[in-house]
Amino acid sequence: MSQQGYVATPPYSQPQPGIGLSPPHYGHYGDPSHTASPTGMMKPAGPLGVTATGGMLPPGPPPPGPHQFGQNGAHAASHPQQRFPGPPPVNSVASSYVPYQPSAQSSYPSPMSTSSVTQLGSQLSAMQINSYGSSMASPSQGPPGPLSATSLQTPPRPPQPSILLPGSQVLPPPPATLNGPGASPLLPPMYRPDGLSGPAPPNSQYQPPPLPGQALGARYPPQQANSGPQMAGAQLSYPGGFPGGPAQLAGPPQPQKKLDPDSVPSPIQVIENDRASRGGQVYATNTRGQIPPLVTTDCIIQDQGNASPRFIRCTTYCFPCTSDMAKQAQIPLAAVIKPFATIPSNESPLYLVNHGESGPVRCNRCKAYMCPFMQFIEGGRRYQCGFCNCVNDVPPFYFQHLDHIGRRLDHYEKPELSLGSYEYVATLDYCRKNKPPNPPAFIFMIDVSYSNIKNGLVKLICEELKTMLEKLPKIRVGFITYNKVLHFFNVKSNLAQPQMMVVTDVGEVFVPLLDGFLVNYQESQSVIHNLLDQIPDMFADSNENETVFAPVIQAGMEALKAADCPGKLFIFHSSLPTAEAPGKLKNRDDKKLVNTDKEKILFQPQTNVYDSLAKDCVAHGCSVTLFLFPSQYVDVASLGLVPQLTGGTLYKYNNFQMHLDRQQFLNDLRNDIEKKIGFDAIMRVRTSTGFRATDFFGGILMNNTTDVEMAAIDCDKAVTVEFKHDDKLSEDTGALIQCAVLYTTISGQRRLRIHNLGLNCSSQLADLYKSCETDALINFFAKSAFKAVLHQPLKVIREILVNQTAHMLACYRKNCASPSAASQLILPDSMKVLPVYMNCLLKNCVLLSRPEISTDERAYQRQLVMAMGVADSQLFFYPQLLPIHTLDVKSTMLPAAVRCSESRLSEEGIFLLANGLHMFLWLGVSSPPELIQGIFNVPSFAHINTDMTLLPEVGNPYSQQLRMIMGIIQQKRPYSMKLTIVKQREQPEMVFRQFLVEDKGLYGGSSYVDFLCCVHKEICQLLN
Amino acid sequence: MATYLEFIQQNEERDGVRFSWNVWPSSRLEATRMVVPLACLLTPLKERPDLPPVQYEPVLCSRPTCKAVLNPLCQVDYRAKLWACNFCFQRNQFPPAYGGISEVNQPAELMPQFSTIEYMIQRGAQSPLIFLYVVDTCLEEDDLQALKESLQMSLSLLPPDALVGLITFGRMVQVHELSCEGISKSYVFRGTKDLTAKQIQDMLGLTKPAMPMQQARPVQPQEHPCASTRFLQPVHKIDMNLTDLLGELQRDPWPVTQGKRPLRSTGVALSIAVGLLEGTFPNTGARIMLFTGGPPTQGPGMVVGDELKIPIRSWHDIEKDNARFMKKATKHYEMLANRTAANGHCIDIYACALDQTGLLEMKCCANLTGGYMVMGDSFNTSLFKQTFQRIFTKDFNGDFRMAFGATLDIKTSRELKIAGAIGPCVSLNVKGPCVSENELGVGGTSQWKICGLDPTSTLGIYFEVVNQHNAPIPQGGRGAIQFVTHYQHSSTQRRIRVTTIARNWADVQSQLRHIEAAFDQEAAAVLMARLGVFRAESEEGPDVLRWLDRQLIRLCQKFGQYNKEDPTSFRLSDSFSLYPQTIAQWRKAGYQDMPEYENFKHLLQAPLDDAQEILQARFPMPRYINTEHGGSQARFLLSKVNPSQTHNNLYAWGQETGAPILTDDVSLQVFMDHLKKLAVSSAC
């Protein structure tokens, strides 16, 4: 089925003056009128023709020629192929504000032309990519609504190329708007002005994505802006042949215009700019409200009173003073807190403060912990709480004189007075039952049903545990195997051989032994080895196919409960638990629900057993990490619930094959076992007066509105917290946040980890927009959307996301940007890449209502994202694509990334793509033989065996360098990425293409450019 | 009367039968007036060294309602090769194999000396004996050690091909798999959850696995039995394993906090044991041997909670119906006992503890299945050790002195009907012409199941004379009774022992002396005691005592020689002289059937070696207490002797011959005086 989601770019009439004033005609998501007019000229709209959007797609005759659209008529034509040879990217210095310059000129033959316009910033004028509307209607893109695929199907696909280019896109390409609106001095002009080009020259046309397998690279070198909206239709129609394809490919020389992808804001550019300006430097957190470097920028962070951005990142570092302002801007006020984030070795670890039996000093009223925000007064005898303003007496043991500026003399000696992050030793008051906690334990629970035995997994796990346990910190371990019954093992050190205790009462599972289940590995080493040797044989003849699941978790939890310690369960599970027991699941994977209001059911657990089980687990400090090895539907939405709510991790290996997936699994397992982790945690986020935390997202459980409970939290888990105003905020005092996590260390010590962060407040919207961080925004949007998936129709969610994006930008445009033509798309500098990232989020399979996508995969990704930190979500939504063929073997630098678009690929190239879960090595058909030889140790492209997940170790600089790069990318990522070797024009390329997120998605989802146009249109509507 | 004594003794030797009356009153009315019912003590497997079993099957009467076995009392027509059933008078053809019989060539079963004969049946698959140990681990360390040693020792005593299994329990119940190499494996059950037999079998994997898998591999049809025997393995195969397993057995590891009893899941453990055998070896001789060191404290069958501050139910609690758990627990164990009996298995209870262990609630397990019940202070005593060892003693043939899964079938001649049986048996509910409507003991049937029995197992069988007074039986007429016992011999063969006895009828009016002389007062005392005990199970204690008293007085009135209202004139003949004493003893003993106490009286006078001899002969082994005057242990003795001096009468008698015995019981002297007074009283 070829869905021609996005169809022809409207012709842009170059000579037409006033084009710039014409509104984008297509932004209208879901405008049904588009369906009606698959092709056609957009009628010229008035200067503020937004209103015209609805009807702007008169079903005009397809333009015969590539460029004849005299005016901003756009075609929602079936034809995607319009090439926009447009302006080369102009990466010039821009002001921090990079509004799109409205390009009034009718044509922008070259970027330079834009400069003629006086408007500042890049502009996107006359975005008459009217076809966008229809592309939005393409199946994946729910919000656009009723446009059925069929309408886009272009059934009347014109056979001739000329007809295929009905609507040439009118895109103003003023890429280089240099003049930032008086670039704010605070911000280094690090961003290039990104502009959607103004009206495209008549010859610009959207280039449909080259048909897969066709000489894409050759024809369209990456820099050539052939990034027309990727059309699902076109892609899917391949290899059937898109009739118009060849012709069009042949036709680029025609003077059609299209929006030059290089003219739209580039995430890569933003990343590179930040890296260039701030990378490798020391970032000191001494100033309230300062904006940290991007997550993609490496630098050294020095704690000077505010928590490192490794721990807390905010959507904006300047809060609006009033809730009215907040409502106006609709920018979410949120913090993404990763309390246990890994600190690189070149930064100082957290100090541990021990006040002995007196415990931490806390505000009497709001219970905030002593921190740099406390103001000492009266000669040091009292202090005023920065959060609630209560004046407290300084406890005698804590008294210290003040110096001439009113600071305690011991200011720099006490971490809690001078640092943003530190830890307290907790007293017994902070422990369960006022007893010091027992050290945590790990329990390994292995599914020994037939499939796991047969594919060798059980043996692999047992073998691996033997070596892995050696490296474990001093921690107690226990072992359980199960199929439809549970086997507990007594591995007490004084036993000659292990004892197996079978619990068949899965209906009401219990722990059959006390002593000898949880043991010290070092003491019981020989018995444990004996056991691990025997387990694979013990069940070698088992034919048991059925498994239970909830009882397994229950058993682990009961065992920890009996031992009165927190801990972590490692469950290795493979199938839908169909055996008669609590938590029994049936296969309910109903594709018919997709794209209906009931779709949310697929994301909800099948039974409430898991929900209450998760609550029990959290209550007893039992975290569950689940390794899933499904060969078919296993209902991740149900199975994953407990891991999610208990702060565990879910790993999934579809159709596990020993030789391919072994390494990925082992890496994950090793990494997970060695992770820095806190157990039995409660997090509390306190704020200064005027605002408070209202919503929390992450692998957490909340029994009331303030306490965030986590059975465990590791270095990769982040909690996103949304704030709302209670009252006015003052610019003087700013907005202060203190996040306190009470937890038990791996060695059984009860501690408090405190992170403090001060944000600015402003009554100027411009300040707010200046201080936003898009990566954090996307993290917030992703989590809130993925949470909403459980309760709301996906269509509504997608609409909300688009609307809010438009709203934020429109508010900026209205209140902050310099006056400009309405048709201009003006983006605040800090949100330059918000549209592309938002589009990536919308295209994520969770939000794409497509039956082709596995329900489990959607549930899985939903769950992963819920606990992601900013860095992980950034990479996840916008993968890293590295041109390997440009590798400089002499340098240790990574090659500069390129944008995730097929147009960036080339036949002669080799590209590495990573998104945190997957890694692809894409090989162009004409990849340089020396590289092939170097990497694979085979003579030619044809000899490469793609059936591998590890690159061979070839003693040659290319190989070494590539593997090193892969190592660097993998580093610090919570999930081990499975490497897939993809040859150009072979079947697996389809999978790879889904990650080229700037293009139109395989299962729908608009291209970046389309989306931008859509947003632009929405904004215009809002502005009207 | 030496002749009757001899007669009784001979009969007992030969047939294992002792009747209360060896001459039978010939009418219902007269029989009722005899006070002591016509009844017998039957020892079905009475050891008969001189009785080798015959290697063929018995010949049965062809009348479907009769099916009596051919016996010496039958009339035989050698020429016509016919025999007449002496119970229903049916004439039967001899089977072809008997073609050669004649007056001089008789089969054994027709010879008078073979009134008891044993047949060996070749039919049917023989399955090995099964011993399932159910072991409490909530014991003191040395107790557990002693028990472990006893159990390990017992492995060498078991028949080598016997199957053995092990279940241990404390807070949890563990069923041990015995065939594992390299790892010891057990199935664990919560001690608080009552499980149905089906659930237990499912959970132990005893039910047949889903068929599809098996159909795929039709080659191994015998897979199932293997699975079911994971828990029960031949001793010779796994004795090393099991010895180790027993050796590694630890005390229940769950902590018992101050002021608590250990959690002991006896009820569930037994339930699982029963379920396991039920699912794997129904109707095969099997012994569940429960070793427990305290009362069940949780789950179904709990007798007392784990709070030490709440003491285990006392006699007062029971009397006032204050024993919280008793009814429920009793019900649980009764249910188990009935299931066990239905499966033909038996349950032994070895309860060793200083405090009570809940035998009251559990007693039905042993009682209904013919198991042993042994009570001791500790597993670390010779009482337990030797008793336990003695279970595995062998007879002169080298066979274990135990038999299983017996059914006892009784036929009577038409003047008699069966009123019931009292002993380690359950009714099989077989109605028939010779079943009386009046029940004494377990009645309403002519067949009973005795799941476990040994050569001393004895049942009291009660009869009713139904002959009407106006239909006299001709002089010299004899009544006959046939006892047919099917059982599984310890050598695993099926056998049938048939005992056919006959006694003379006598008219009470004319032959009272005869009847009186043929009174077996020992047997009668035991039979009455059984009746008393049986009634006590269902009736109020005082009522039973009154009933016993009244029976005694009536008996004395009937058979004593006295002048009315003159107690001093009362005399009883020799054959009755002991009965009242015995009854007095029983009366004191309440309704607990504890025959072992009886012999302390003898011990009192006997030298120590006498005591030893008795100890060797008795089962269960009696508690042997060596004490001296005034010693603390003397209380055991004093509680058993005739209290001729108590604190009540000490000063009245003004004697200083010994210490008073602190008891409310009356002395025999007072008892006899009172009895005589009542017997001669016309008011009664």
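A: One begins with pLDDT, which is the predictor's confidence in each residue, from 0 to 100. This is a predicted model, and chain A averages a pLDDT of 78, with 75% of the residues scoring at least 70.

Q: Over which residues of chain A does pLDDT stay under 50?

A: Where pLDDT is low, the predicted coordinates should not be read in detail. In chain A this concerns residues 1-257, where pLDDT stays under 50; the model has 921 contacts beyond four places in sequence for them.

Q: How is a sheet read, and in what order do the three strands of the open sheet in chain B lie?

A: Strands of a sheet pair through backbone hydrogen bonds, either parallel or antiparallel. In chain B the order is β4-β5-β6, with antiparallel pairing. Strands β4 (75-77) and β6 (91-93) of chain B form the edges, each pairing on one side only. On average, neighbouring strands of this sheet are turned by 25 degrees against each other, direction ignored. Strand β5 (residues 82-84) of chain B is joined to β6(B) by three bridges; B:Trp83 has B:Asn92 in β6(B) as its bridge partner.

Q: Into which domains is chain A divided?

A: The division gives domain 1 (352-418), domain 2 (440-584 + 626-675) and domain 3 (879-996).

Q: What is the area buried between domain 2 of chain A and domain 3 of chain A?

A: About 820 Å² is buried between these two domains, and carbon and sulfur atoms give 46% of this area. Their C-alpha centres lie 35 Å apart, and the contact takes twelve residues from domain 2 and eleven residues from domain 3 of chain A.

Q: How many salt bridges are counted between domain 2 and domain 3 of chain A?

A: The count is one salt bridge. A salt bridge also joins the side chains of A:Lys978 and A:Asp661, at 2.8 Å from N to O.

Notes
Residues numbered from 1 in each chain as written. Chains lettered and ligands numbered in written order. Predicted model: local features only at pLDDT ≥ 70, side-chain atom pairs only at ≥ 80, totals over all residues. Heavy atoms only, no water. Contact = heavy atoms within 4.5 Å. Pairing = 2+ DSSP bridges. Helix = DSSP H or I, 4+ residues; strand = E, 2+ residues; numbered from the N terminus. Axes fitted to C-alpha atoms, helices over the stretch in contact; angles between N-to-C directions. Domains from an automatic or database assignment. Buried area = accessible area lost by both parts, 1.4 Å probe. Salt bridge = Lys/Arg side-chain N within 4 Å of Asp/Glu carboxyl O.
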